[in-house]
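Look at the sequence and the structure below. The text after them goes from one part to the next.

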Amino acid sequence: IVPANLRTLDHGKLPATNMVGYMMFHRAVAAGADPDRLLESIRNDGDFFKQTRFASVFNYSLNLVDHVPGALKYFVNRNHCCGTAVLSSVGDPSKAIATQYPVNGDGNPIMANLTLTDINSAPPIRPLTRAAFTSWHYSKRQRLGVCCDPSIFSLEQADDLLGLFADRV
């Protein structure tokens, strides 16, 4: 699952949470046998999602489900997996922060007696989601993070997974 920003120029004043959909990339485990072909198929699906705004279908589906008594509870039940992994790209959150606060010579926002010098992030994971990856930029550097299901991953395994992710990026 990849969260998708559905905002257009017409939505400039809305909070981002009001305009987020999801791109869902379903693949069989066997698809991992050919990494180049797998990546190409994901790239093609991603292009389709972006060109058609297909990620908004998730939002429309939730709206429909909300009108059926008990359906929403069924779909968010802890026994259903929405996605085995999540990838979020946040961009540079300091750009939004710096528009509301003065900045120092390095461009870091100053908030009262504090200066924001770095940001760390890891998205939460839902039940049955095994890992949530995130990528963001701050102070001209890319950051990567992962939050893993502790019932599946040890701290060392989570660190190894983050290392594999960083190597691929």
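Which residue takes a positive phi in the hairpin of β6 and β7? The model is a predicted one, and in it that residue is serine 139, with a phi near 55°. Two residues lie between the strands of this hairpin. The strands β6 (131-138) and β7 (141-148) pair in the antiparallel sense, over eight bridges. Within this pairing, histidine 137 is found opposite glutamine 142 of β7.

Ala131, Phe133, Val146, Cys148, Ala158 and Phe165 make up the largest nonpolar core, which has six residues. Two or more of them come from each of β6, β7 and α5 (155-168). In soluble globular proteins, nonpolar side chains tend to be buried together.

Next comes the loop between β5 (114-115) and β6, where proline 127 lies. Proline 127 counts as partly exposed because its relative accessibility is 25%, and partly exposed covers the range between under 20% for buried and over 50% for exposed.

The last stop is on the surface. There Phe48, Phe54 and Val57 form a nonpolar patch, and together they have about 250 Å² of accessible area. Phenylalanine 54 sits in the loop between α1 (35-52) and α2 (56-66). With a relative accessible area of 39%, phenylalanine 54 is partly exposed.

Methods:
Residues numbered from 1 in each chain as written. Predicted model: local features only at pLDDT ≥ 70, side-chain atom pairs only at ≥ 80, totals over all residues. Heavy atoms only, no water. Helix = DSSP H or I, 4+ residues; strand = E, 2+ residues; numbered from the N terminus. Buried < 20%, exposed > 50% of the residue type's maximum accessible area, 1.4 Å probe, protein only. Patch = residues over 30% accessible without salt bridge, like charges linked within 9 Å, V, L, I, M, F, W, Y side chains within 5 Å. Areas by Shrake-Rupley, 256 points an atom, 1.4 Å probe, with all protein chains shown as cover. Salt bridge = Lys/Arg side-chain N within 4 Å of Asp/Glu carboxyl O. Core = buried A, V, L, I, M, F, W, Y, C linked by side-chain atoms within 4.5 Å. Pairing = 2+ DSSP bridges.
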